[in-house]
Structures are given as structure tokens and as C-alpha cells.
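Please look at the sequence and the model before reading on.

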Amino acid sequence: MTAQSEIDEGLIEQALHWQTALESDDADWDGYMSWLEADTRHREAFDAVALVSAAVDEHKDAVRALVEARAGAQDGTERRRPGRKMWLWGGGAAAALALVAAVPMLRAPEMAVDYAADAGASRSLALAGGTHVMLSPQSRIVVHGKDATRIEMASGEAYFSVRHDPARSLTVQVGSYRITDIGTRFSVNISDGGFRVAVSEGAVGVSSEGADGEVRVTAGHQLMARQGDALALSPVAPEEIGSWRQGRLSYSNAPLSLVAADISRYSGKRIIVDPALEASHFSGTLVIGDGSRLLGDLAGVMDLSVRAENGGVRLGRAGGR
Amino acid sequence: MSGGEELGVEALYGLHQAELRRLLLARTGDLGEAEDLLQELWVRVRQRPAGPVANGRAYLFRMAQNMMVDRLRERQRRMARDRRWADQETDFAAPGIEPVDGHDNAEQQMIAREEVATLTSAIANLPGGARRAFELHKLEGLSHAEVAARLGISKSGVEKHMAVAMKYLRRALSDWGKG
């Protein structure tokens, strides 16, 4: 097998022809063998066709789902067929997130450093290997290993700038999901309602421990998971990503639960989202300031009611309960 | 000769052994490997239920073809695994030592996942026409004629697109195996 040599397209076409022809009951096997024997490149071409076909057939469902998701994200439309959703992996995305806090403690005796930002201030970290992390207020990450190639997202939001280095790749663990990256800028947000990865430069791969396949998220896209749902890929304006570093919270069609979790971190108020609003999404920009006006602004823009409840506040439909 | 006389599969093997050897030799280009595959084919034939087989010659030829594909796939996975071992000496045991079962399983999943990612990204990077033809034919299961109708091109246009797609994907897969 000379796996690296180029094969002439004409020969591949002939091989494809034979592949189709051999499916028929009265296939011309003698003709096929003569064709193979005529030129050693013929069997290489046939190997190529057989190998690719077998690989695609074996992973057909996973590949199809990912190809569709990507196509949907790229034209900004969801190329769904009736009855098919763009969700990539089965439910339980967020359920796995609950485990995140326990994981770091269970790992082998490897160096792990905990970094947290308090309420009211973000924190900038320079890690080994040229990785720069900006932690949003009330956020925490755990950095593993002396070369900081594995980072665990524990709470809140962080913006990562990773220097391109082909010899080294950074992994960010978010619950049972794993984000892999070689040189890019992206933000990761985790809350008990789910998580979001948004890429402003380059691309990252996201894979799940429980599922096959990797989703590639390229610049200008975000991948979101909400409780009970699987992942959804959608476009996002790159300037919105990590905009909290400039004092703004910007969203493109983000689940209200995620927005509420962010505001909760900035305002220090516990926010309960009324189940009636579970399916609501928010697109727009909020000015952070000292965090105290975020909730009122959101409620104003979305026409929601805010009531005190159990030491926190409850967001509901205006005029509702 | 199309096996119309409904022989048992072992008898068919005897009848077609020489042809099967010719096929396997043409397919592998290596006499030793061809003999090896023929042996394996014989073992599999004997494991089949004894009843008659319709169109027995084509049946045996297909078995031989499938075995070849299985070998190619196995070889590819092994290369991918070897590459992973080379990449991750710290995480795994030294190369050459077989991992324990649980580990093996996780690694197989990882390799499958990588393969899916490789295919998906290679498909996304295909030239437009080749990508559409490939998706419709291989992923949606349309025939060449249906793909031609859908894309408003000739059947031979579809075949050309498919050839381009195969060439790209083959390179992507072998680069993946090679690391």
C-alpha cells in the first residue's frame, strides 16, 4: 500500500464504476479481475474507493449530523429536514456538568492550581506556554500540569487566548465535554443551565466523553448546550465574544437561563427564571456598569417582571403570575 | 456460470478456489497475503450454515472483497493507534504494549471520534460540486441518476464529482493515519 501517492482521478472513476457494477447479481467478475490485473495502480484506486466508502458507511449517521450542523451554521440557516433536529448529541449535556466540581479532586497526583475571580472584578492570568486567560467575575478555573495544557472550567466565564504552537495543544474540560484547540481565541461559559463555547479567532474542536464525533467550531460561531438538550451550533458576531472584557454583555440568541446566570454573577443576586420562560432567548447588549442595573435593563428590553423571592429574584412574564 | 445449481457453500469454494485466488492476488498484489486471505476465507466458509447458496460464485467473491476491505480498515486503524501512542507517551503505556480492555475501548472510541472528525472536515472542504454530489450519494443514499437529476448535471458529471471527492477523502484519511 503506497498510501501517500496521488491517484489519478480517471482511475478512481474507473474504480467507482467497478464498485457499483459489482453490486449487481450478474456482475462481470472476470472483467473486474482483468481490469485489476492490467495495471497495479488499478488496485490502489480500488482500495482508495473501498476504504473511503467503508469509513463513511461505518460512521454515516455521525458524519451526516455533523455535516448538516456545520452547513446550517455556515449559511446562517438551519438546513433541517422535516423531523430531523440539528442537535448533535442526545440529552444530558448539562446533567454531566454537575459533576465538574468533583472531578479535579479525583485526578492523579498531578499539579493543579485553582484560580478564581471575585465578584466585581475580572482577573487576568498568564499561564505557561503563552496561554492567556481572562476570568470574568465570580468565575473559577483549575489548571492542570506544569505546562498548563489541561484546564478545567469550574464556574463562570473565561476568555482564552492561546498562542499557536503545533507541538502543543490545549484542552479545556467543561463537564464531560472537551474543547481542544491549537492557537486561537475563544470564550467558555458554564452555568448550571448549560455551557457555551464561542470562537472569535481560529477554530476549536468539541467532543463529548459519552458520544462519538467532534464538532468543529470556527471563528464567528458558538456551540451551546442547555439542560436536557444536546448541543446546537449557531453564528455569532466575533466582536460580541468576550465583550464583557469591555464592560458589555452581548448575546446572539442565547437561552435566557444563560443570560440570567451571567447577570447573577455580576450582580451577586440569585436569579430564578420562571419555567414559563424556559424556551426564551435573548439577543442584544447590556452595559455591565457596577452590575446592579443589568437585571432591570434585561427585564425592560424583554418586557419581563422581576419579583423578590426567597432572598433572590424571580424573572417572569410581565403581567403573569 | 452463475451458481444456478444451488450447491452448498463448501462445494462452491472447491469449485471456485482457483478464481478466488486469482481475485485475491489481483487485489493484494502479494501472493503470500493472497494465500493468507484465501485461508481465512475457507475458515469463514466452513463456519457458514451448510445450506445451498444462490448465485454462489458472486457470494464467494463478495466475501473475499469484504475481507479485503476489513483488512484495509484494520490497517488504517492500527496506523492511527500507533500515531496516538507516539503522541501521547505520557498518557499511555509505552508503544508496543497492548492496553488493557477498558483502556482499549476508550481508545477505540477516541479513534472512531477522530475518524468522524477527519471525514467531516474533509467533506466540508471538498470543492462545491464534489461535496454536494458526495453528500447526496453517500450520506443521503441517492443513486447516481437521482443525484444527477437533483443537481441538474449528467450522470458522468456526478461520477467525476465522486472521483474528486474520493481522492480528497482518501488523502485526508491516510494523512490522519499517518499523523
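Q: What share of the 321 residues of chain A counts as buried?
A: A residue is buried under 20% relative accessible area, exposed over 50% and partly exposed in between (1.4 Å probe, protein chains only). By this rule, the share of the 321 residues of chain A that counts as buried is 52%.

Q: Where do these values come from, and how are residues and chains labelled?
A: This is a predicted model, in which local features need pLDDT of at least 70, side-chain atom pairs count only at pLDDT 80 or more, and totals for chains, interfaces and linings use all residues. Residues are numbered from 1 along each chain as its sequence is written, chains are lettered from A and ligands numbered from 1 in the order in which they are written, and side-chain values use heavy atoms, with hydrogens and water left out.

Q: How many helices and strands does chain A have?
A: Helices (H or I, at least four residues) and strands (E, at least two) are DSSP runs, numbered from the N terminus. For chain A the count is seven helices and 18 strands.

Q: In which strand of chain A is Asn253(A) found?
A: Asn253(A) has a phi near 50 degrees, a positive value in a residue other than glycine. Asn253(A) is partly exposed, at 43% relative accessibility. The strand that holds Asn253(A) covers residues 248-255 and is S14.

Q: How many residues of chain A are in contact with chain B?
A: Contact means heavy atoms within 4.5 Å. Chain B brings 51 residues to this contact, and on the side of chain A the number is 57.

Q: Which residue of chain A meets Arg22(B) in a salt bridge?
A: A salt bridge is a side-chain nitrogen of Lys or Arg within 4 Å of a carboxyl oxygen of Asp or Glu. Between chain B and chain A there are six salt bridges. In the one formed by Arg22(B), the N to O distance is 2.8 Å and the partner is Glu37(A).

Q: Which element gives the most residues to the side of chain B that touches chain A?
A: The elements of chain B that give two or more residues to this side are helices H1 (9-28), H3 (56-87), H4 (101-124), H5 (128-139) and H7 (155-178). With 14 residues, the element that gives the most is H7(B).
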